[in-house]
Amino acid sequence: MSTIAIDAPGAAGAARIGALLRSLPVGVRIAGAIVALYLLAAVLPGLLQPHDPFATDLDAALQGPSVAHPFGTDQSGRDVLSRVIEGTRQSLAIGVGATALSFVFALALGIAAGLGGKLVDGAINRFLEVLFAFPILFVALLFVAVFGQSVTTQIIAVAIGTAPGYARIIRGQFLTVKGSAYVEAARAVGHSYGKIVRQHVFPNAMRPLVVMFTLGVGQAIVWASGLAFLGLGVAPPSPEWGALLDAGRAYVTSAWWLELTPGLAIVVFALSVTIVGRHVQERLEGKVKVQPL
Amino acid sequence: MARRLGGAVFVLWATATFTFVVQLFMPGDRATMIINTQAGNLQSPSAEQLAALNARYGFDDSYLAQYVRYIGDLAQGDLGISYNQHQPVTEIIAAQIGPTIVLTLSALVLAWLISLVVTVLATGRDNAWSRAATGFQIVTAALPPYWIGTIFLVVLSVQLGIFPVEGSNTLVGTILPAFTLAIPLSGFLGQITQDEFARVLDQPFVTSSRTRGIGDLGVRLKHVLRHAVLPAVTLSGWALGALFSGAVLIEVVFSRQGIGGVLVQATNGRDIPLVTGVMLASAAMYIVANLLVDIAYRFIDPRLKSA
């Protein structure tokens with residue numbers, strides 16, 4: 001995971017990867033391993049599931065965590081751990097989909113503001129400032145109310161809610177790169193505007209976005225699960241994490257594991273992605289400035 | 001100041017326009033949607049039924065006429081009538097917003113307290129406490145508040161019985177929800193103030209205060225803190241909005257009375273006037289908070305008074 005994100009130039013041999021892994025702090029190695037495990041769960045859930053996620057067993061209904069069922073069982077006696085693993089693919093897909101869509105909006109606004117003239121930049125900047133007056137959750141709720149409840153709406157709602165934050169960062173990136181000494185130098189040597197934008201501005205302004213995307217997926221899953229928690233996400237029979245949260249809410253006083261274990265899956269994923277992403281970011285750009293999305 | 005007020009009015013107008021424009025993308029006929037949602041299934045409404053709703057909400061008018069009426073009503077403090085509750089949106093919000101505001105403000109105060117205490121005690125000290133504090137901030141800033149709330153509810157209310165299980169608006173009933181909301185924000189604010197605090201600790205005026213014999217805690221409280229809070233104070237408007245929307249989730253976790261339940265029900269029932277009403281109330285709060293931040297800034301950093 002992290003080796004791909006760092007994007008080692010040339011042929012990255014096994015020795016090179018080994019050296020890179022050894023140079024990572026223990027926390028980052030653990031977080032990386034956890035992210036890899038989630039990816040495995042998304043691709044081959046059957047490999048990790050101790051039970052059939054859909055097999056009901058009413059005699060074993062609502063049992064607390066045990067060795068046989070580490071996350072307990074639900075009201076139909078289904079193994080919660082297996083269901084959480086089954087839901088990984090859809091949950092990650094929602095996170096990746098929402099972040100990708102959000103980046104499409106953000107790139108369009110950010111690039112237009114960063115490369116456009118003063119007028120375009122001023123207008124887009126004003127527009128973004130206005131959007132910041134709305135909390136992300138409320139923008140998402142407005143979209144659910146207008147378009148009705150569905151997975152597509154959930155993805156679009158999270159994408160539009162988070163896009164202004166990314167757009168502002170992308171705009172800042174383009175402005176910084178545009179004002180840098182090497183762009184000035186390229187202009188002084190007589191390179192055309194198009195060539196400067198293609199060869200210097202784009203690659204340099206876009207580089208931090210890979211990490212931003214990774215961090216964004218973790219955040220998007222948290223936002224999407226928030227919507228699901230409110231009962232505004234995927235319909236309950238699916239073992240998507242948010243749907244599990246929504247279904248578990250009714251049992252919070254009697255069978256807490258139904259609510260806390262899908263939440264744990266979300267939190268551990270979001271944290272691991274954050275730890276890996278931040279480490280890569282610090283390696284690429286030095287100390288990271290914390291800012292709200 | 002007049003310029004600032006003008007800017008605030010502009011943002012309020014723009015947010016209202018944004019909510020109006022989003023509604024134009026609503027698929028299908030709106031009067032039919034209202035009837036379907038209220039019935040809970042697909043209806044085939046008669047022409048009279050549709051005409052009555054269209055006349056009531058003015059859906060037959062041109063978009064421009066609807067927009068002018070929307071903004072005009074808004075200027076008079078009228079947010080329209082709820083599709084499902086058939087009451088003025090302002091009345092519904094006014095009846096429910098009190099507990100939510102109490103929760104939001106308590107959480108803001110708590111978040112600031114936690115982050116300042118951690119910052120003053122832990123920053124710039126190379127010891128286990130300091131590292132633990134930093135780790136705590138990174139972890140808490142990434143936690144979804146509804147999950148923290150559920151853990152609190154399960155452990156402290158259901159298992160240990162220290163706090164009430166059913167949400168209430170008493171002081172005791174507010175403690176858990178307020179902490180739940182405050183913890184992620186304190187992690188976030190704490191990271192920002194700690195960065196700035198560490199930077200200020202290296203400034204020459206800090207060394208000079210130390211040489212004058214002021215104790216370490218005195219230097220931190222009297223000289224460093226004032227500078228270190230500025231970047232996070234700027235974010236207070238944003239923080240208030242984030243807390244207010246987070247409060248919606250937390251009210252649902254603790255089954256607490258407030259705007260949260262109303263908003264979720266309204267979103268589910270596609271009651272757009274009510275949803276946009278809450279959004280605009282929240283935007284107004286953000287704008288007022290930012291004006292207050294500007295004023296607070298001048299108190300914290302008197303150099304800005306002349307500017």
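Colleague: How many salt bridges does a search of the whole structure find over all chains?

Modeller: The search finds 10 salt bridges over all chains. Do keep in mind that this is a predicted model.

Colleague: What makes A:Arg171 and A:Asp121 a salt bridge?

Modeller: Their side chains meet at 2.6 Å, N to O. The rule asks for a side-chain nitrogen of Lys or Arg within 4 Å of a carboxyl oxygen of Asp or Glu, so the pair qualifies.

Colleague: Which parts does that pair tie together?

Modeller: A:Arg171 lies in helix α8 (residues 151-178) of chain A and A:Asp121 in helix α6 of chain A, so the pair links parts that are 50 residues apart in sequence.

Colleague: And how many salt bridges are there across the interface of chain A and chain B?

Modeller: There the rule finds 0 salt bridges. Between chain A and chain B there are, however, 5 residue pairs in polar contact, with both residues at pLDDT 80 or more.

Colleague: Which elements give two or more residues to the side of chain A that touches chain B?

Modeller: They are α6 (118-131), α7 (136-147), α11 (209-229) and α13 (257-285) of chain A. The largest share, 10 residues, comes from α7(A).

Colleague: What is the make-up of that side of chain A by class?

Modeller: By class, it has 33 nonpolar, 8 polar and 6 charged residues.

Colleague: What do carbon and sulfur atoms give to the area buried between the two chains?

Modeller: They give 81% of an area of about 4,300 Å² buried between chain A and chain B. A:Phe134, A:Phe138 and A:Leu142 supply 15% of the area that chain A buries against chain B, more than any other three residues.

Colleague: How many residues does each chain bring to the contact?

Modeller: Chain A brings 47 residues and chain B brings 52 residues.

Colleague: Which helix gives the largest share of the patch?

Modeller: Helix α3 (residues 26-43) of chain A does, with 3 residues. A:Leu37 has its place in that helix, α3 of chain A.

Colleague: How many helices and strands does chain A have?

Modeller: Chain A comes to 13 helices and 0 strands. Its C-alpha trace spans about 80 × 55 × 25 Å along its principal axes.

Colleague: And how many helices and strands are there in chain B?

Modeller: Chain B has 14 helices and 0 strands. Along its principal axes, the C-alpha trace of chain B spans about 85 × 55 × 30 Å.

Conventions
Residues are numbered from 1 along each chain as its sequence is written. Chains are lettered from A and ligands numbered from 1 in the order in which they are written. This is a predicted model: local features need pLDDT of at least 70, side-chain atom pairs count only at pLDDT 80 or more; totals for chains, interfaces and linings use all residues. Side-chain values use heavy atoms; hydrogens and water are left out. Contact means heavy atoms within 4.5 Å. Buried area is the accessible area (1.4 Å probe) that two parts lose on being put together, summed over both. A polar contact is a pair of N or O atoms within 3.5 Å; within protein, one must be able to donate a hydrogen and the other to accept it, and residues adjacent in sequence count only if both atoms are side-chain atoms. Helices (H or I, at least four residues) and strands (E, at least two) are DSSP runs, numbered from the N terminus. Ala, Val, Leu, Ile, Met, Phe, Trp, Tyr, Cys and Pro count as nonpolar, Asp, Glu, Lys and Arg as charged, and the others, Gly among them, as polar.
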